[in-house]
Amino acid sequence: MEEQKTPTLEELQALIEMTNTLNMEIFYWWCIALMICIHAGFLSYEIGASRLKNALAAGVKNILAFGFIVPSVFLLGWAVYNAFPDGLVPRMDAFLAGMPWSDTMGPNIQDNATGIFWAAFAMFAATTGSIMSGAIIERARMSAFIILTIVLGGFLWLLAASWGWHPEGWLTVKWGYHDVGAAGVVHMIAGFFALAVVMNLGARIGRFNEDGSANAIVGHSMPMSVVGLMLIIVGFFGFLGGCIIYNSGAQWINIYGQPTNLSAFAFNTLMGFAGGLIGAYLTTREPFWMMSGGLVGIISVAPGLDLYHPGLAYLIGMGVAATAPLVNNLLLKFKLDDAVGAFAVHGFGGFAGLVISGIFLAGYPNMNGMAPISFFGQLGGAVVMAALGFIPGYIISYALNKAGLLRVPLHAEERGLDLTEVPAQAYPEWSSMYGNSTSVGGSEPTSLVGESKPA
């Protein structure tokens with residue numbers, strides 16, 4: 001019988017280290033899988049929130065966003081994230097290390113981390129495109145949407161992450177910016193970008209009356225939209241899992257190197273979600289806003305998921321979610337047709353969350369001598385994120401609009417984007433139903449609360 005060799009201490013140590021590495025890979029692998037549920041959720045929600053003649057076009061836009069953003073992050077976005085933590089001047093060595101020809105940007109048996117982190121960041125990027133796509137359903141050109149989503153998801157979000165999510169990002173180092181759940185670097189960037197595009201895109205036909213009052217354009221399937229919103233919440237647990245660092249052989253850390261754990265994230269994610277549900281329900285009594293209020297609740301507590309008391313997270317989520325529908329109503333006063341309330345949910349929710357975190361978390365120390373969390377750091381960071389999303393979004397959509405490339409022709413919009421942009425019919429057996437009234441109560445204005453379906 002062959003004698004078994006006793007492993008040396010060095011061999012045991014190597015085995016432990018490899019086990020920790022593989023556990024890290026497995027954790028983020030399943031986070032990525034859950035994050036794909038976010039896109040299944042947006043797909044379902046936006047299809048349901050569209051009228052029959054536009055349902056398939058809304059879904060195709062979401063799928064194309066995924067298909068174009070992922071390679072954009074591979075070709076340029078990952079290099080941007082690694083190269084720009086100091087501002088607009090790149091670190092060229094880090095930039096080149098993130099380019100497609102780098103040894104780390106592909107199968108490499110010596111590197112268990114780059115691919116898995118790149119994939120997680122690519123999913124964050126795709127989320128920004130899905131947020132923007134809902135705001136502009138039923139009238140934007142497919143080609144214009146692809147251009148906008150590549151800029152937003154393949155570049156701008158990575159620049160925001162480099163400034164406010166990189167462990168050496170200038171917002172953190174100089175201002176003490178704290179945003180562990182990406183309320184600013186993902187949700188605000190996408191929400192303010194979407195607002196800028198909506199301003200140049202214009203309202204859907206029939207959305208507003210001559211006197212400025214708004215008609216509610218209702219989607220064809222409320223159940224599909226509500227299920228989609230719940231799928232987004234499921235995917236959020238993968239999203240937030242990707243916001244925490246698996247630290248082999250030691251305690252978990254957040255994106256800034258501060259110690260934390262999944263327990264803190266679990267407490268505050270669920271409490272923020274629950275508070276958001278109740279807050280939006282109290283304001284609107286409307287199922288779409290109730291579900292989106294849950295999403296607002298999570299976004300509003302995202303900056304301080306690692307630090308809040310769960311009771312406080314519940315109250316913050318409730319208060320911000322109760323206010324979000326009112327913000328959407330304000331946009332309607334200015335004849336801005338955000339079809340799914342994307343700005344109110346993601347832009348306003350993220351902004352409010354950052355500012356509130358500056359009040360309750362001020363003074364919390366940072367790592368490695370960096371500035372502690374402060375109110376002005378959180379407020380300033382929120383302003384930076386708003387500008388980084390809004391200004392490029394406005395300039396690019398303005399240029400596309402002037403070139404006649406942003407919006408489909410009126411006759412195409414009236415006929416429906418499924419036939420003019422895809423072209424196909426989502427429900428061909430219901431073609432006789434096309435052309436039904438696009439507003440609740442005919443041409444009469446309806447209650448502004450809840451008339452846009454949030455995402």
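1. In this predicted model, Glu138 and Arg51 are both buried. Their side chains form a salt bridge, with an N to O distance of 3.0 Å. The two residues come from distant parts of the chain, 87 residues apart: Glu138 sits in the loop between helix H4 (114-135) and helix H5 (142-164), while Arg51 sits in the loop between H1 and helix H2 (55-83).

2. Arg139 pairs with Asp337 in another salt bridge, where the closest N and O atoms are 3.9 Å apart. Because Arg139 belongs to the loop between H4 and H5 and Asp337 to the loop between helix H11 (310-333) and helix H12 (342-360), the pair ties together parts that are 198 residues apart in sequence. Arg139 has 0% relative accessibility and therefore counts as buried. Asp337 is also at 0% relative accessibility and counts as buried.

3. Salt bridges with shared partners connect Arg51, Glu138, Arg139, Arg204, Arg207 and Asp337 in one network. The structure holds eight salt bridges.

4. A further salt bridge is that of Asp86 with Arg91, whose closest N and O atoms lie 2.9 Å apart. Asp86 has a relative accessible area of 43%, so this residue is partly exposed. Arg91, at 25% relative accessibility, counts as partly exposed.

5. Trp30 belongs to helix H1 (residues 9-49). With 54% relative accessibility, Trp30 counts as exposed, because the cut-off for exposed is over 50%.

Note on methods. Residues are numbered from 1 along each chain as its sequence is written. This is a predicted model: local features need pLDDT of at least 70, side-chain atom pairs count only at pLDDT 80 or more; totals for chains, interfaces and linings use all residues. Side-chain values use heavy atoms; hydrogens and water are left out. Helices (H or I, at least four residues) and strands (E, at least two) are DSSP runs, numbered from the N terminus. Buried means under 20% relative accessible area, exposed over 50%, partly exposed in between (1.4 Å probe, protein chains only). A salt bridge is a side-chain nitrogen of Lys or Arg within 4 Å of a carboxyl oxygen of Asp or Glu.
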